[in-house]
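Please examine the structure shown below.

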Amino acid sequence: MSVVSSANSASVSSPSTSAPAAPSPSPRHIRLTSHSSGLGSIPIRWGAATAQERGPVVGTTTNRAHRNVIGTHSGSYSVYRALAVAAGALKREHKADLTNTSPTDVIGPYPQWSDPGRIVSLDPWGASVAEVYAGELAAGYDIRPTIAVTQAHVILPEVIDALQKGRLKADGKFLTPGGAAVVTKVAVEPVWYLPEVARRFNCSETDLRRVLFEETGGMYPELVTRSDLEVFLPPIGGQTLYIFGKPRDLADTSVELTARIHDECNGSDVFGSDICTCRPYLTHAIEECIAGAQRGGVGLIAYSRKEGRALGEVTKFLVYNARKRQVGGDTADQYFARTECVAGVQDMRFQELMPDVFHWLGIQKIHRLVSMSNMKFDAITGSGIAVGERINIPDELIPADARVEMDAKMAAGYFTPGVVPDAEELKKAKGRGLSE
Ligand SMILES: [Zn+2]
């Protein structure tokens, strides 16, 4: 439904009489995005069967008449791009040279791509724009990939340890004798189709647009002035996928798929901070993915930039202090309450959009899901993907200080094949004090 009648006629140029006395080499008018442009822009028909019918996502800032989305490319990095332009380091008219950048593996197209409600937060054609929109590119449209697919070796001390202890064996194909896992990795930027994103969150599109506009401090006026633009490139982090084995096997339900959706935790994932189980869970899942690929299956880690339950690291560290300074010390029974006191909610990750990337990969069944999160499990199965076995982290991999988190999660109903801690157990202080 219409938010505001199409284009308004806001004054879009600063009158030359108000220009500074000093002559500027290239005076530019500021163009408000609410101004009706549209001429020359290609319509987007979300969920259409082919790339041509769907139309390219054009988020360029160089030719505004070509834009058919709200926001611009690269998520939060769009702000760095603006800084680079402001600093004179980047020409605003720069167009990407896409020579030799095409995906190392072709993903899809899969039937899920043309189901408008199935994929709403990424562009299924985002990896192949140079190919499927070659004509539009040649006609001068600045169309950028929102997905990139490449190959890599990943080398982790935990995998080398598993190799040395005999849990994994090198095969020279999926795992080298030196302990490098051979992967396909995929970077995915968010592309939101607002009508269906609103539906996922059970709100009206009008309300979603208005709240996005207001809660970003009015960063994207088009959200409320241009109801004809239905696609939004939000300034948030995306996802990275690590695929162990052949990417096309992900869509084959007869091939065993081991998968983990992992939400970013920089402190643990990268720096080894021991207050949570994030890195041990991640490396355990990678070990399971390698072993799965070696059994003839395929493995997938989907890594989402949702730091600290999407609350951000500042909030997360404030919560750590509040937990460890509270009367009685760091206990599992207060684990969620302390987060809620600081942030107002326990969790803002909202897994509703997460399964989209699985549908993009053509996945219909996850045979082995390495996760204890019910939110993730419910979102995946609720989107129509079957889940076989659920694999949780072995006890010996849980750091001592992370016991608080594990007990709290198990008591809150997270999946566990073992004993759920009772109320008395949850009151025992198990986390280190701040000065320990
Ligand atoms: Zn963590």
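Y335 has a relative accessibility of 4% and therefore counts as buried, where buried means under 20% relative accessible area, exposed means over 50%, and partly exposed lies in between (1.4 Å probe, protein chains only). F336 likewise counts as buried, because its relative accessibility is 14%. The model is predicted: local features need pLDDT of at least 70 and side-chain atom pairs count only at pLDDT 80 or more, whereas totals for chains, interfaces and linings use all residues. Residues are numbered from 1 along each chain as its sequence is written, and side-chain values use heavy atoms, with hydrogens and water left out.

Rings of Phe, Tyr and Trp (its six-membered ring) pair if their centres lie within 6.5 Å; planes under 30 degrees apart count as stacked, over 60 as edge-to-face, and the rest as tilted. W192 belongs to strand β4 (residues 192-193) and F232 to strand β5 (residues 231-233), so the pair ties together parts that are 40 residues apart in sequence. Helices (H or I, at least four residues) and strands (E, at least two) are DSSP runs numbered from the N terminus. Both W192 and F232 are buried. Y335 and F336 also form an edge-to-face pair, at 4.9 Å centre to centre with 80 degrees between the planes.

Seen in order, β2-β3-β6-β8-β7-β9-β10 form an open sheet of 7 strands with mixed pairing; two strands pair if DSSP finds at least two bridges between them. β2 (147-155) and β10 (386-391) stand at the edges with a single partner strand each, so one side of each has no neighbour in the sheet. On average, neighbouring strands of this sheet are turned by 25 degrees against each other, direction ignored. Within the sheet, β7 (residues 257-263) and β8 (residues 298-304) pair in the parallel sense over 7 bridges, and H262 has Y303 in β8 as its bridge partner. Helix α15 (residues 374-382) lies across β7, β9 (365-370) and β10, and runs at about 160 degrees to β10. Axes are lines fitted to C-alpha atoms, for helices over the stretch in contact, and angles run from 0 to 180 degrees between N-to-C directions.

Which residues coordinate the zinc ion? The donors are C265 (SG), C276 (SG) and C278 (SG), at 2.1 to 2.2 Å, and their spacing in sequence is C-x10-C-x1-C. Donors are N, O and S atoms within 2.8 Å of the metal (3.2 Å for Na, K and Ca); water is not among the atoms, so sites may look incomplete. C265 and C276 are both buried. E307, found in helix α11 (residues 307-310), counts as buried because its relative accessibility is 12%. Contact means heavy atoms within 4.5 Å; beyond four places away in sequence, E307 touches E264, C265, N266, G312, E313 and K316.

A nonpolar core is a set of buried Ala, Val, Leu, Ile, Met, Phe, Trp, Tyr and Cys residues joined through side-chain atoms within 4.5 Å. The largest has 42 residues, of which L241, L300, F358, W360, L361, I363 and I366 touch the most other members. Not counting residues up to four places away in sequence, L361 touches I107, Y110, L241, I243, L250, A251 and L300. Apart from this core lies another, of 36 residues, among them A152, F174, L282 and L426.
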